[in-house]
Amino acid sequence: MKVAVVTFPGSNCDHDLYKAAQQVGADAVFVWHRERGLGGYDAVLLPGGFSYGDYLRPGAIARLSPIMEDVVEFANAGGPVLGICNGFQMLCEAGLLPGALVRNDSLRFESRDVRLRVERTDTLFTSEYEDGQILRIPIAHGDGNFEADKETLEALEDAGRVVFRYVDVDGEATTEANPNGSWHNIAGLVNEGGNVLGMMPHPERAMEEILGSTDGVGLFTSLAASLAATRV
Amino acid sequence: MSHAEGAATAPAVAPRTGDPEITPEVVADHGLSPEEYERIQRVMGRDPTFTELGVFSAMWSEHCGYKNSKRLLRLLPTRAPWVIQGPGENAGVIDVGDGYALAFKIESHNHPSAVEPYQGAATGVGGILRDIFTMGARPVAVLDSLRFGDLDTPRVRYLFGGVVRGVGDYGNCVGIPNVGGEVMFDRGYEGNPIVNAMCLGLMKHEDLITAAASGTGSPLMAVGARTGRDGIHGATFASEELSEDSDESSRPQVQVGDPFTEKLLLEASLELIGSGAISGIQDMGAAGITSSASEMAGRGGSGVEMEMNAVPVRERGMTPYEILLSESQERMLVVAEPGREDDVRRILEKWELEAAVIGTVTDDGMFRVLEDGRVVANIPALPLTEGCPTYEREGIEAEEIAALRGADLSEHLIPEGDLTKSFLLLLGSPNVASKRWIYGQYDTTVRTSTAVRPGGDAGVIRIRGTKRAVAATTDCNGRFVYLEPRTGAMAAVAEAARNLVCVGATPTAITNNLNFGNPLKPHIYYQLREAVLGMRDACEAFETPVTGGNVSLFNETDGRAIYPTPVIGMVGVIDDVSKLTRHAFHAVGDDIVLLGENSGELGGSEYLYVTADLVAGRPPVVDLEGERMLQQAVLAMTREERLRSAHDCSEGGLAASLAECALGDGEDPLGVDVEVDEDLRPVVSLFGESQGRIVVSCTPGETPEVLRLAERYGVPARRIGAVTPADDGFSVRVRDGALSASLDELADAYFGALPRIMDAPALER
């Protein structure tokens, strides 16, 4: 599995994502945002960070980077694209995912471990999890409050495109368990084709016991397994 | 380049048209005494120009020249076999094993933060990051040590909220995890907050680069952000007292930070260093181009010549004086290898930054500045960087402090009302309560190497690819230093070392930040000298040399000085990260063992502050040899994997320490059933802040071995109780008194305190 980790000016989770991909056996390659062409890659990963210092809006300037045209093309051709944190924001800005990520309702940067409930296990990114499994994963963002208009939200829910939801330790999607005010406690969702996943929490930071959790591993092994399956 | 040609002959320096005439008032405005001005005239062999005066004023300020502290700092131990770089560089560097070196340093941004908390704190973080990556090290962790007045005024809450946001936004954006620090709220800091930021960076030994300008003819390049009019004379400003009208009039002296540019500059700098295209690099921090260029020349034993019109600027019409003294952020000065200027430019371009040749390294030992080819400053570099006059001042203890220390505390030994009530009050005091409100705004997990996050005794960063980890902590109880500076400074070093051993790290070296009042006042100089002596004694006893740091004097508002606050930033090494310990109790049935003994003081305690609004009494004694043995004992226990938790006793005493162990991060609290029989009053037993104590837990099977190890090191130790189910609550009995509370009550007091104070006003708005 050969995956591209796209680095933008201001990305700061690119190395973490790179190492997470390597940990599950992927051949990870850094791709600078000014490069062109994603042929030859099996998946594209958009890392977290503060691309362009979050100027204007998070992800708004990164969307204009040359490589993003190729990312859109790659996604539209059915290629797997994973955007984490700032990467999720870019996917929304680029129109690959609906809605927008606005300022946390606390108006503060929120950094802590949250609990996520796995809502679907039939995606490229979650096949190794169990339905309803509860994950412990760190978040660290100032703009993670997912918003969309009513019709979009209903359509997302009806189509089962919400993949991760913020929950409490008992698995309930309560207001207290919601770290940023996201509608319906949405933490991650996929596009219509199911090949583009955006999520605010950082699975790449939950890959080793020494770091506090290994619950992120499943996401990367799922992706690796899906890609291995398609290739056969 | 035409400006390089005049180097051979001593050029004439004539006053620049439009520059103010130098009068005694102008000299005084530059923070220089008449004697210092005469010294400048002697160094120069003539009157300085206005530009030259500005350069001297910055370099001979306390901030750059350490004129009131240098003689004292020389008393500190700085050597050890593991020290690779001691004081005098951008940061200290130590060997941490497996071919890795750790660069680390602490720096203050007190004055800017008092005026503009958000930018002041943010640029404080920016500056310390640059000090680390200019050594060739990649920053891997930030810590912040903060002090504010009591949180009961809107002004203090504004300062506190702004500083936390500033520290967070900057570090979060650059992507450096915050792994620890401390904060204290006390009226002693009202009006003059302390904002100290510490950074750790890792590198391979061979990547170490220093900031020396050598190689005659090598081009000097300005890289990164452009130079603007912000922060002019920040170094001089930082060396003055604040007054009521400092807020408004001083704003232009506060720099504005841009963490996005910093992140690019960080990547570009490390790439530059790796490319071999440069031989030296230095942050343009305090006193901007002036200090970076003159210090590089001074260290390299060479000279520099710079053309001001070649410096990329943000606005037109800037004078050489302004360009030289601007403290615009996110700028670096590099010495390129001759002929490799284009390589430097290419790397900077990739990161969307600028690089411009602004001068050359010379061999005539002069710091020379040109404007359009005309010499506007020509100063011998060595006297500029090394010739700052240093003073040894008179130091006499203030009588009122001696009186405070001798105060009779007996009436406070009998609690008013219920002990448990006092305890919950203490646990909910901002000084004891959980600091989650703060570090919840800091990214603590980016870079995926944080093994112990904030909230524990010390932050731990593993070194990827090895079994090792580095640990760091910042500590200082300013009340103790205030009441007895020598003891207080020893306590700060001792507490830092205890915090490190509690995570299983061997204390290795320190960086210090000396935050004091105006040293021209004898009682302040007394505090400074005594604190340095206490620090010296403790550092020698623990073999933790000082590899650098920062001095921030004149921390006074309207003549009132802060508590003397020599913040200790200590680093340690963990050989095997799988053996690290954390502070939270682990499992029901584990034994709780207290190492060390209560020496019976209540002086300077949080209990007195909370219940009697009092900072008085004799601070706890520090037994350096006892502390050293305690450190050794805990390290042996960790090495042999005997412990399931370890936690230091500090603010709030044994009772608060036990509560913190019980609560952990709040997710899986455990109960406590403890009995301590000491020949002391209950409040002293429970809340006294006696030094040299650590609470550990272990399985009952290990207890005999833990006690035996303690005995081997001569450390008093006894089993004081057991970890119980959360439903059984928190119960601590001492002679003639007892505490009893549910875990929910503890959690509410401990975790709820800061949110209640900080979020409530926002809701009311």
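1. Basis. This is a predicted model, in which local features need pLDDT of at least 70, side-chain atom pairs count only at pLDDT 80 or more, and totals for chains, interfaces and linings use all residues. Residues are numbered from 1 along each chain as its sequence is written, chains are lettered from A and ligands numbered from 1 in the order in which they are written, and side-chain values use heavy atoms, with hydrogens and water left out.

2. Contact. Start with the interface. On it, 29 residues of chain A are in contact with 35 residues of chain B (contact means heavy atoms within 4.5 Å). The area buried between the two chains is about 2600 Å² (the accessible area, 1.4 Å probe, that two parts lose on being put together, summed over both). Carbon and sulfur atoms give 49% of that area. In chain A, the residues that lose the most area to chain B are R108(A), I210(A) and L211(A), together 22% of what that side buries.

3. Charge across the interface. The rule finds 8 salt bridges between chain A and chain B (a side-chain nitrogen of Lys or Arg within 4 Å of a carboxyl oxygen of Asp or Glu). One pairs D113(A) with R453(B), with the closest N and O atoms 2.8 Å apart.

4. D113(A) again. D113(A) also forms a salt bridge with R136(A), again with closest N and O atoms 2.8 Å apart. D113(A) lies in strand 6 and R136(A) in strand 7 of chain A, so the pair ties together parts 23 residues apart in sequence (strands are DSSP runs of E, at least two residues, and helices of H or I, at least four, numbered from the N terminus). D113(A) is buried at 16% relative accessible area, while R136(A) is partly exposed at 22% (buried is under 20%, exposed over 50%, partly exposed in between; 1.4 Å probe, protein chains only).

5. Another link in chain A. E119(A) forms a salt bridge with R165(A), the closest N and O atoms being 2.7 Å apart. E119(A) sits in the loop between strand 6 and strand 7, and R165(A) in strand 9, so the pair ties together parts 46 residues apart in sequence. E119(A) is partly exposed at 23%; R165(A) is buried at 11%.

6. A link within one helix. R628(B) and E625(B) form a salt bridge, with closest N and O atoms 3.2 Å apart. Both lie in helix 23 of chain B, 3 residues apart, about one turn of the helix.
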